[in-house]
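Here's a quick tour of a protein chain, put together for someone just getting started. Take a look at the sequence and the 3D view, then read on.

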Amino acid sequence: MTAIKHALQRDIFTPNDERLLSIVNVCKAGKKKRNCFLCATVTTERPVQVNVVKVKKSDKGDFYKRQTAWALRDLAVVDAKDAVKESPEFDLHFDKVYKWVASSTVEKNTFISCIWKLNQRYLRKKIDFTNVSSQLLEESVPSGENQSVAGGDEEAVDEYQELNAREEQDIEIMMEGCEYAISNAEAFAEKLSRELQVLDGANIQSIMASEKQVNILMKLLDEALKEVDQIELKLSSYEEMLQSVKEQMDQISESNHLIHLSNTNNVKLLSEIEFLVNHMDLAKGHIKALQEGDLTSSRGIEACTNAADALLQCMNVALRPGHDMLHAVKQQQQRFSDLREQFARRLASHLNSVFVQQGHDQSSTLAQHSVELTLPNHHPFHRDLLRYAKLMEWLKNTDYGKYEGLTKNYMDYLSRLYEREIKDFFEVAKIKMTGTTREGKKFATLPRKESAVKQETESLHGSSGKLTGSTSSLNKLSVQSSGNRRSQSSSLLDMGNMSASDLDVADRTKFDKIFEQVLSELEPLCLAEQDFISKFFKLQQHQSISGTTMNEAEEMDGGTLSRSYTSGVPQTVSSEKDMIRQMMTKIFRCIEPELNNLIALGDKIDSFNSLYMLVKMSHHVWTAQNVDPASFLSTTLGNVLVTVKRNFDKCISNQMKQMDEVKISKKSKVGILPFVAEFEEFAALAESIFKNAERRGDLDKAYIKLIRAVFVSVEKVANESQKTPRDVVMMENFHHIFATLSRLKISCLEAEKKEAKQKYTDHLQSYVIYSLGQPLEKLNHFFEGVEARVAQGIREEEVSYQLAFNKQELRKVIKEYPGKEVKKGLDNLYKKVDKHLCEEENLLQVVWHSMQDEFIRQYKHFEGLIARCYPGSGITMEFTIQDILDYCSSIAQSH
């Protein structure tokens with residue numbers, strides 16, 4: 001192997017300035033054995049490059065050639081396969097895994113050891129050597145470029161070692177002393193050998209001369225050892241003495257530790273005692289305030305509030321572990337519990353008495369409000385109770401059972417108080433609505449007792465009579481069904497022979513003011529009570545204790561706030577907003593039915609009142625929802641608004657029903673139909689009421705329904721009319737509708753306005769053509785024959801040659817219609833039209849002018865036929881267009 005190594009160095013690596021450090025004869029694993037050599041080399045130039053080179057014997061000769069080279073820095077893993085068992089196989093991981101089988105295990109180990117040393121010296125790179133015996137990998141390798149590679153490669157390294165500066169200088173000096181050193185190396189080497197022998201002899205003599213001194217040195221060493229033995233004996237005695245001292249110091253240290261531990265325990269005990277005394281000691285003044293404090297005066301209430309807060313702090317103090325096992329702590333906690341229970345009972349009893357007393361004082365002021373449409377002011381009552389708000393919060397946090405009991409008692413009592421006040425208030429409102437007639441005279445029922453008034457009102461609500469949708473003075477027209485309804489409404493109102501149609505705008509304005517005043521009085525009352533409840537019962541500070549919501553129906557009907565308790569703490573409590581709404585619903589449970597009764601009364605008095613109520617109620621609901629959409633006031637007014645909207649829809653339905661049931665007299669002319677006039681009144685009234693209203697959309701929908709019903713009913717009546725021609729009924733009523741819509745300018749009815757105008761125009765034209773007919777009947781028949789001949793193909797100028805249509809026949813027909821006869825016929829026509837048309841709509845002149853235009857059109861048509869069929873005959877009518885104009889004008893003026 002050495003000969004191969006020298007041959008490879010000489011032939012392959014020396015020309016490339018490389019030194020071969022290790023070599024291994026290998027073949028690839030698992031393939032046909034074709035031996036090659038793996039060589040570990042370094043370059044002679046700086047910086048040093050370390051490579052692993054694969055050398056293969058050439059197939060053509062006995063020389064070797066360089067096949068593949070890998071840089072050592074690219075080597076990642078060296079796998080020796082087995083660190084214990086000897087195996088010639090090993091893997092090198094470069095860009096891929098190369099599997100090799102060495103010719104012997106020794107060569108493999110030598111090569112791997114060389115790789116490891118080269119890595120440690122030149123690269124210091126993390127190459128992973130796996131399954132490699134630790135004996136092959138030295139623990140440390142001397143650093144420095146002048147250190148040689150150890151192991152099996154020492155021979156190779158010894159062949160060349162770089163000289164340092166000192167060695168180079170010494171060699172130069174020797175070579176200068178021997179001039180022939182370069183030319184005769186053998187002579188120079190012999191000289192050096194001789195000088196080395198001289199130096200060795202001198203060294204031996206020097207060693208032999210120093211033997212005496214060595215003996216002296218040995219004696220001194222023996223003496224030093226004896227001194228050391230003596231010192232060790234002294235040190236042993238000193239150690240025994242120190243051991244006894246150490247035991248004494250340990251005892252002293254242990255005693256000091258016990259003293260320090262005792263002091264620490266005392267300090268901790270004092271801290272615990274101070275904590276309990278500072279946090280669980282209630283001042284005598286607070287105890288006295290809780291037991292005997294005056295709950296009627298402001299100063300006493302403040303003292304009780306401070307004492308209650310102090311007691312709550314003492315009870316809620318966070319005790320440290322073990323405190324609850326102390327007997328004194330248990331006694332103090334029991335004392336606090338007794339004080340809390342005693343004060344809670346005293347506070348609950350006092351507040352209940354305050355509720356009763358304040359309610360009694362409030363009831364004494366009801367008399368002055370009984371004749372006025374105002375509600376009593378509860379502000380003084382709320383102001384006095386709010387002094388106890390902090391105590392109520394304390395009671396809520398410490399004894400929820402008593403807190404809930406107070407809540408129930410407050411709701412029970414206040415609901416009765418408010419019920420009396422609100423019912424009296426609504427009775428006054430009902431009396432004011434029904435107790436004044438148009439002339440300002442009082443009702444006969446006004447002086448009676450309130451119970452009688454209430455009974456009468458209730459009987460009024462229970463009436464089953466039909467409602468009328470109109471209170472217009474136009475109802476005096478002959479409409480049978482509306483007359484029956486008016487008589488019914490009259491009996492309901494108990495106002496003698498006065499009909500509902502006599503309620504004018506002033507009566508409706510009075511109702512509107514009363515209804516607005518009722519809502520304006522109720523709103524601040526509810527808002528003030530809700531604000532007081534939230535402040536007094538502290539229902540704004542916590543969102544919810546539990547997410548479970550109670551059933552409102554059960555809670556209100558049962559009269560209690562049903563909850564489950566464990567040790568006085570509620571397990572399920574609704575949210576604070578739900579609690580407020582439930583309390584308000586219980587306290588003001590009479591508002592909604594009273595409002596509904598008042599609305600029903602207003603609707604029976606005049607169904608048009610539903611328009612006022614819809615606008616007012618919508619505005620108040622909108623205002624309440626802007627403040628709090630989920631509040632009691634918003635919910636209640638919203639429910640009542642639904643009732644008002646139903647009454648409004650019922651009013652519209654009644655109007656439409658009346659239109660459908662209207663009956664027209666067969667003996668008199670129709671004129672403007674009652675429901676057309678009523679629609680005009682309704683629209684004018686609604687426009688004045690709904691100006692800038694929030695519920696304008698409801699009115700627009702009602703308009704569409706009503707106007708369509710009006711159109712259908714007008715056509716229906718026109719078809720059934722016997723006295724008045726159908727075209728007249730349609731023309732007059734649609735003209736009235738068009739005029740109404742044009743005047744009121746209702747944007748949602750623009751299409752209906754155009755339709756009404758078109759119907760009016762069409763039926764005007766139809767009536768004119770039908771009524772005028774053929775005033776010159778024989779002349780019309782004559783010219784119809786002329787037009788028939790022309791249609792058959794006879795030329796117009798040849799018609800005069802026809803025997804029946806010659807000039808003589810034409811002159812005979814024209815002579816039958818002198819101007820006097822024409823004027824007489826027009827006068828009879830004017831009288832006929834005057835009988836058909838009604839005076840209210842004043843369309844006589846419009847119709848007469850249209851008839852005049854139609855007559856003139858026929859006259860011009862006849863003149864044109866004469867000019868075309870009888871040219872040059874000189875035949876003309878016995879009257880002119882100017883005569884027609886004069887006749888029509890004279891007839892119109894005479895009538």
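How many helices and strands does the secondary structure of the chain come to? The count is 29 helices and 10 strands. Keep in mind that this is a predicted model.

**The whole chain**

- The chain has 895 residues, and 42% of them are buried.
- Its accessible surface comes to about 49700 Å², with 51% of that belonging to carbon and sulfur atoms.
- Take the contacts between residues at least 6 apart in sequence: 71% of these join residues at least 24 apart.

**Strand S1 and its partners**

- Strand S1 covers residues 18-28, and nine of its 11 residues are buried, so the rest of the structure largely encloses it.
- One partner of S1 is strand S2 (residues 36-43): the two run antiparallel and are joined by eight bridges.
- In that pairing, you'll find Val 24 standing opposite Leu 38 in S2.
- S1 also pairs with strand S7 (residues 97-102), again in the antiparallel sense, over three bridges.
- Here, look for Cys 27, which stands opposite Val 101 in S7.

**The nonpolar cores**

- The largest nonpolar core has 176 residues, and the ones with the most contacts inside it are Tyr 410, Val 518, Phe 690, Leu 779 and Val 847.
- Helix H12 (residues 400-434) supplies the largest share of this core, with 15 residues.
- Another core lies apart from it and has 30 residues, including Ala 40, Val 42, Val 52 and Ala 102.
- What does Val 847 touch, if you leave aside its neighbours within four places in sequence? Val 847 is in contact with Met 731, Leu 764, Tyr 767, Val 768, Val 833 and Leu 837.

- Why does Ile 216 count as partly exposed? Its relative accessibility is 46%, and partly exposed is the class between buried, under 20%, and exposed, over 50%.

Terms used
Residues are numbered from 1 along each chain as its sequence is written. This is a predicted model: local features need pLDDT of at least 70, side-chain atom pairs count only at pLDDT 80 or more; totals for chains, interfaces and linings use all residues. Side-chain values use heavy atoms; hydrogens and water are left out. Buried means under 20% relative accessible area, exposed over 50%, partly exposed in between (1.4 Å probe, protein chains only). Helices (H or I, at least four residues) and strands (E, at least two) are DSSP runs, numbered from the N terminus. Two strands pair if DSSP finds at least two bridges between them. A nonpolar core is a set of buried Ala, Val, Leu, Ile, Met, Phe, Trp, Tyr and Cys residues joined through side-chain atoms within 4.5 Å. Contact means heavy atoms within 4.5 Å. Accessible areas come from the Shrake-Rupley method with a 1.4 Å probe; for residues, only the protein chains shown count as cover.
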